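Welcome! Keep the picture beside you as you read.

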Amino acid sequence: MSYCPECEAVIDEEFEDVGEVISCPECGVELEVISIDPVEFDLAPVDDEEDDDDFRFDDAEDEEEWDDEDSYEEDEDDDDDV
C-alpha cells in the first residue's frame, strides 16, 4: 500500500516498472512510480513540449513580419504647433 504525495490518498495497486505514470484516483495528479519495493510515487515530470505547441505558428500567413520601417513615426507637422 502506498500514498499519493499530493493528497495522501491510499493507492493500493501493484506496479511492475519504475517510471510508470498513473493518475491519482482521488486528486487526479499524475504520479510516477519511483520505487517498486516498497511502492513509492513522486509527481510525474511535466512535458514542456506539449505546452510550447500552443504558442507556435504553423502557417506563415498567421505571422506578421516586422520591419524597421514599420516602427512608429511622428508626424513632422506636429512639431510646428509647439
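In this predicted model, three strands form an open sheet in the order β3-β4-β5, and their pairing is antiparallel. The edges of the sheet are taken by β3 (21-23) and β5 (40-43); each has a single partner strand, so one side of each is left without a neighbour in the sheet. On average, neighbouring strands in this sheet are turned by 45 degrees against each other, direction ignored.

**Inside the sheet**

- Follow β4 (residues 30-35) and you will find four bridges joining it to β5, with the two strands running antiparallel.
- Together β4 and β5 make a hairpin, and four residues lie between them.

**The whole chain**

- Now step back: the chain has two helices and five strands.
- Reading along the sequence gives the pattern β-β-β-β-β-α-α.
- The chain has 82 residues, and buried residues make up 15% of them.
- Among the contacts with a separation of 6 or more, 16% are between residues 24 or more positions apart.

**The nonpolar core**

- Which residues make up the largest nonpolar core? There are nine in all: Cys4, Ala9, Ile11, Phe15, Ile22, Cys24, Leu31, Val33 and Phe41.
- Leu31, a member of this core, is found in strand β4.
- Buried or exposed: what is Leu31? Its relative accessible area is 0%, and the cut-off for buried is under 20%, so Leu31 counts as buried.
- Leaving aside neighbours within four places in sequence, Leu31 is in contact with Cys4, Pro5, Ile11, Glu20, Val21, Ile22, Cys24, Phe41, Asp42, Leu43 and Ala44.
- One of those partners is Glu20; the C-alpha atoms of Leu31 and Glu20 are 8.2 Å apart in space, while the two residues are eleven residues apart in sequence.
- Ile11 also belongs to the core, and Ile11 touches Met1, Ser2, Cys4, Ile22, Pro25, Leu31 and Phe41, not counting residues up to four places away in sequence.

**An aromatic pair**

- How many aromatic pairs are there? The count comes to one.
- Phe15 and Phe41 form this pair in an edge-to-face arrangement, with 5.4 Å from centre to centre and 90 degrees between the planes.
- Phe15 lies in the loop between β2 (10-11) and β3, whereas Phe41 is in strand β5, so the pair ties together parts that are 26 residues apart in sequence.
- Both Phe15 and Phe41 are buried.

**Two serines to look up**

- Ser2 sits in strand β1 (residues 2-3) and is buried, with a relative accessible area of 3%.
- Apart from neighbours within four places in sequence, Ser2 is in contact with Ala9, Val10, Ile11, Val39 and Phe41.
- Ser35 belongs to strand β4, and its relative accessibility is 18%, so Ser35 counts as buried.
- With neighbours within four places in sequence left aside, Ser35 is in contact with Val18 and Glu40.
- The side chain of Ser35 also reaches the backbone oxygen of Pro38, at 2.7 Å.

- Glu8 is not a glycine, although its phi is positive, at about 65 degrees.
- Look for Glu8 in the loop between β1 and β2; at 63% relative accessibility, Glu8 counts as exposed.

Notes. Residues are numbered from 1 along each chain as its sequence is written. This is a predicted model: local features need pLDDT of at least 70, side-chain atom pairs count only at pLDDT 80 or more; totals for chains, interfaces and linings use all residues. Side-chain values use heavy atoms; hydrogens and water are left out. A nonpolar core is a set of buried Ala, Val, Leu, Ile, Met, Phe, Trp, Tyr and Cys residues joined through side-chain atoms within 4.5 Å. Buried means under 20% relative accessible area, exposed over 50%, partly exposed in between (1.4 Å probe, protein chains only). Contact means heavy atoms within 4.5 Å. Two strands pair if DSSP finds at least two bridges between them. Axes are lines fitted to C-alpha atoms, for helices over the stretch in contact, and angles run from 0 to 180 degrees between N-to-C directions. A polar contact is a pair of N or O atoms within 3.5 Å; within protein, one must be able to donate a hydrogen and the other to accept it, and residues adjacent in sequence count only if both atoms are side-chain atoms. Rings of Phe, Tyr and Trp (its six-membered ring) pair if their centres lie within 6.5 Å; planes under 30 degrees apart count as stacked, over 60 as edge-to-face and the rest as tilted.
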